[in-house]
2 protein chains.
Amino acid sequence: MHVAEYLFHRIRQAGVTCTFGIPGDFALPLYAAQEESGLKTIVMTHEPSVGYAADVYARFKGLGVALVTYGVGALNMVNAVAMAYAEESPVLVVSGAPEVRWQQADILFHHRVKSPDTQWHVYREVTAAQARITHAEYAVEQIDEVLDTIRRQSRPGYIEIARDLVFAPIKEPATTTRPAPPARNREALDEAVAEIVARLNNSQRPVVYAGVEIERFGLMDKLRQLVEKYNLPTATSLMGKTVLPEHHPNFIGNYFGNLGPENTRRYLENADCILALGMLLSDMDVGFEPSRIPRRRLIQATANGVSISHHHYPDINLVDVVDALLQSHAIKRFDIPTFPRPDAMPPKRAKTSALRMVTILEELNDFLTPSHVVLSDTGDCLFASVDLRAEWFIGPGYYASMGLAVPGAIGAQLARPDLRPVVLVGDGAFKMNGVELGTAKEQGLNPIVVLINNQTFATLKATDRDRAYFRVRPWDYVGIARSLGGYGEQVTTRAAFRAALHRAQACSDFYLIDAVVPEDDASPTLKRLGREYGGKIRMASRAGERP
Amino acid sequence: MHVAEYLFHRIRQAGVTCTFGIPGDFALPLYAAQEESGLKTIVMTHEPSVGYAADVYARFKGLGVALVTYGVGALNMVNAVAMAYAEESPVLVVSGAPEVRWQQADILFHHRVKSPDTQWHVYREVTAAQARITHAEYAVEQIDEVLDTIRRQSRPGYIEIARDLVFAPIKEPATTTRPAPPARNREALDEAVAEIVARLNNSQRPVVYAGVEIERFGLMDKLRQLVEKYNLPTATSLMGKTVLPEHHPNFIGNYFGNLGPENTRRYLENADCILALGMLLSDMDVGFEPSRIPRRRLIQATANGVSISHHHYPDINLVDVVDALLQSHAIKRFDIPTFPRPDAMPPKRAKTSALRMVTILEELNDFLTPSHVVLSDTGDCLFASVDLRAEWFIGPGYYASMGLAVPGAIGAQLARPDLRPVVLVGDGAFKMNGVELGTAKEQGLNPIVVLINNQTFATLKATDRDRAYFRVRPWDYVGIARSLGGYGEQVTTRAAFRAALHRAQACSDFYLIDAVVPEDDASPTLKRLGREYGGKIRMASRAGERP
């Protein structure tokens, strides 16, 4: 067995059937070894897309692999991997590297920056575990360590292999199944769970606020059982939007502070016990106002520990707590006569036949089925998604980089061929890497792409004011879709949008709907954002002017 | 005066008239301040392009500015800035950042990765100087320090400004003109120059090997005077291709080891004194074989010092040496009866009417005038450029990242509106960011784009073998060009290519020529590369297989 054979064996063992990448000379031996391993490689057009596709694949499969070359490849993917770190997506970056003697001799080889260590230093900043394989005898241990950390933390890891070591022989380990993780601190868990149970039982009006770690750590079924068993009303965050399916009777909406639905906000903020499960409570999770969720009524369980009000249990984690609560016989079943319904379910129908963000949302809510997975890019479509009811939803609700959705749809459909991706993307984000639809075509995938053509960076305009540099000059997006081998049409009315969605559904290729809305249109959420924070942000930024 | 006002004042003082960027919330105050300063911002579609456009602008103007937002913006530009570092391009990265109190309170703000310091740590790895402005009182000194280092080293620098400090008042410095750099070590310079003069005068057959630092440090006129004064035959590197105009009588071709023109190789390697001016002597500079240029006959002057054979003068640099040699009265004028002519000047005409890399080169050599600037992307078109005779040429001849040429053409034409960019780009590189032509259209620019449509990553195929993952599925590139607002046509014969070049020249918009060549075609240089190194690279990579 050789180094790369072991690596790809471990990757396949984790259920991965394809990797994403762009070949390059320092990675050629890795690509050859991968081909021999039977793993398929999906060649994307640009490295940021490699990272995004691997990220979304990872969100579904528990591991996604990006296979890139040294320097020009890996360093072109830093932002995508940074997003995977922030949003806890288990991505493995595998990078080729110059041969060991080149690295040691400090040669001015191409693709080099400051030193042979530059890339290694950069990746330490955006990954949870790193290995640099320069001696075959340590390779097995290094590979295992990185993969274990990725699984344990649900965060990206990095493995760099000198190209002359790819086929270096290793001693095959007796077993390639890893030992079980170390035993939990049972005493700490019992103490914390007793406290949580007491708080819940003393509560009259509890609420669960569930976040993305529920999905990352495979707890979606258990969450559903938990909220059903005790009849707990449950809000979700924007990033963890569908960790409880949004048609579930206990679902009360996406909490997003003052910016989200008012019923959800009022219910959650007035609850006497807020059980936050798998929530990072980032600024995006709390609608940019942390004080809205008072610590004294908050229980927060994450992968990194459990906090109750102002004290912290570092040695236990979300998975332990969810299991213990689910198995508990000591928690009462709550009898809450009526849960608040999310404002938009069923939506008050807008009295207009024009195409606006609000009518796009209504039409999508009519159109979407559990066989769709919605991928929203950053921009108004992400904020708008608070009013969307979806079974599967992926959006960069914390790191908020533009560019995830189109390449992400490729990762999604390869991971879950039973789901049809529905991409929501603004014109600004589409310009970044929308041409990756050409790769979708090449792979026989068929996302439906709703391009919000408002000719502006709407979020920036809402928080600042109209500026020349917020304008997004329209391209012939339908022409581009056709040039890439797919289909598309431009729509300017609500009826045409509805018809286009159904044509798209019937199409076996990708289908782009260029949805033209007025420049000054915005989703209900973005309008609230502009009203609430536009002025404050403008003032904060110019505070220095008035000493 | 406020912090950003001072920054943009210094930038304008350096002769910069526009910056490149994509706005984002943490950068909004910076964008507002820039608008007030009268600097124009060119909004690109994707951050890698921001970096490439600023890089090429910098190569012409001595400074190029990329203005990006925190996290999602700056981290998406790491590779482009890494290339600027490797290839010594004076790019200034200006990044927005969260307000100081957010950074200090360790808040989970959006766009954050591991900590508020992540981006700072990453940028230390790819820039020569860094400043993080969190106190207005130090801002002037910090800004000056970064700009001075950029100018001195001709390498990128990084300035991050917390968004609440952008408009913070500063004490205006008495003078914003910087003091002269410290005096040189005159004694060391005299010693080194005496040694160089003696070597030259003892030489029968000297050669100048001139590299990219000649251009970076503004020495092109002086180099020309120097080689004329002493009648020195002069080769250039691929990266420094046109630091001596290629129609100059002393020009003997692009040296590229065994891969470049044979006459040039033989002449340079057999010279008894090789005066390498502004050459890094990277692997690309020596055709991947460092031993071809023997140290005992080598004088190497760079921005970082001067080496003669095996001894080094650290305290003097290229600029000093060129000045001293030019002013010397002690150097003889060489009387070398015939210089070797580069093989391709005038080219032996290929006996074919088919469209091949070799006929593309011949047609380009007939077409190009001193009013064109050629920008080559990485790929066969870069290797092919050895046989191209151009007055202005920009190519990533060391770091060799794909993606420079199309966005670079925007930077080039904004920096030098008197030059018409001619882009050479492979289909693989065009897929990465060719849509940036939409930005060219928006800015009223009109590059001529020659897209080498060989449906493959040709360089990888030449060094490995045909692999499924080297295939580049063709898109309707002409359809894309039209969808972006420009013109284009597909050509499959030499005559059609020639006619297309002339139609492109007459066109006031950008013009894309989709030049279809067979999958197994390659430039003369790439064919040599495959023959020379293909086997060796394959063997090296699999060496581990045979213990």
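Predicted model: local features only at pLDDT ≥ 70, side-chain atom pairs only at ≥ 80, totals over all residues.
Biologist: Which strands of chain A form the edges of the open sheet of seven strands?

Modeller: The strand order in this open sheet of chain A is 9-8-7-10-11-12-13, and the pairing is mixed. An edge strand pairs on one side only, and in chain A this applies to strand 9 and strand 13 (311-313).

Biologist: What angle does the direction of helix 12 of chain A make with that of strand 11 of chain A?

Modeller: Strand 11 (residues 298-302) of chain A pairs with strand 10 of chain A in the parallel sense over four bridges, and Leu298(A) in strand 11 stands opposite Ile274(A). Helix 12 (residues 318-327) of chain A packs on the sheet and touches strand 10, strand 11 and strand 12 (305-308) of chain A. Between the directions of helix 12 and strand 11 of chain A the angle is about 115 degrees.

Biologist: Against which strands do the buried residues of helix 11 of chain A pack?

Modeller: In helix 11 (residues 262-270) of chain A, the buried residues are Thr264(A), Arg265(A), Tyr267(A) and Leu268(A). Their packing partners in chain A are strand 7 (206-210), strand 8 (234-236), strand 9 (251-254) and strand 10 (273-277).

Biologist: Turning to chain B, which residue of strand 15 is the bridge partner of Val373(B)?

Modeller: Strand 14 (residues 372-376) of chain B is largely enclosed by the rest of the structure, since four of its five residues are buried. It pairs in the parallel sense with strand 16 (residues 420-426) of chain B over five bridges, where Val374(B) stands opposite Val422(B). Strand 14 of chain B also runs parallel to strand 15 (residues 392-394) of chain B, to which three bridges join it. In strand 15 of chain B, the partner of Val373(B) is Trp392(B).

Biologist: Is Leu375(B) buried or exposed?

Modeller: Leu375(B) belongs to strand 14 of chain B, and its contacts beyond four places in sequence include Ile394(B), Ala405(B), Ala412(B) and Val423(B). Its C-alpha atom is separated by 6.2 Å from that of Leu424(B), 49 residues apart along the chain. Because 29 C-beta neighbours lie inside 10 Å, Leu375(B) counts as buried.

Biologist: What is the phi of Ala400(B)?

Modeller: Most residues other than glycine have a negative phi. Ala400(B), in the loop between strand 15 and helix 15 (405-415) of chain B, is not a glycine and yet has a positive value. This residue counts as buried, with 27 C-beta neighbours inside 10 Å. The phi of Ala400(B) is about 55 degrees.

Biologist: Which residues are in contact with Tyr469(A), leaving aside its neighbours within four places in sequence?

Modeller: Tyr469(A) lies in the loop between helix 18 (458-463) and helix 19 (477-483) of chain A, and it is partly exposed, with 18 other C-beta atoms within 10 Å. Its contacts, once neighbours within four places are set aside, are Pro23(B), Tyr31(B), Thr41(B) and Val43(B).

Biologist: What relation do chain A and chain B have to each other?

Modeller: The copies meet through the same surface, because 100% of the interface residues of chain B are also interface residues in chain A. A rotation of 180 degrees, with 0.0 Å of shift along its axis, superposes chain B on chain A with an RMSD of 0.0 Å. That relation is the one of a two-fold axis.

Methods: Residues numbered from 1 in each chain as written. Chains lettered and ligands numbered in written order. Least-squares fit on C-alpha atoms with pLDDT ≥ 70 in both. Contact = placed C-beta atoms within 7 Å. Buried ≥ 20, exposed ≤ 12 C-beta atoms within 10 Å, placed from the backbone. Helix = DSSP H or I, 4+ residues; strand = E, 2+ residues; numbered from the N terminus. Pairing = 2+ DSSP bridges. Axes fitted to C-alpha atoms, helices over the stretch in contact; angles between N-to-C directions.
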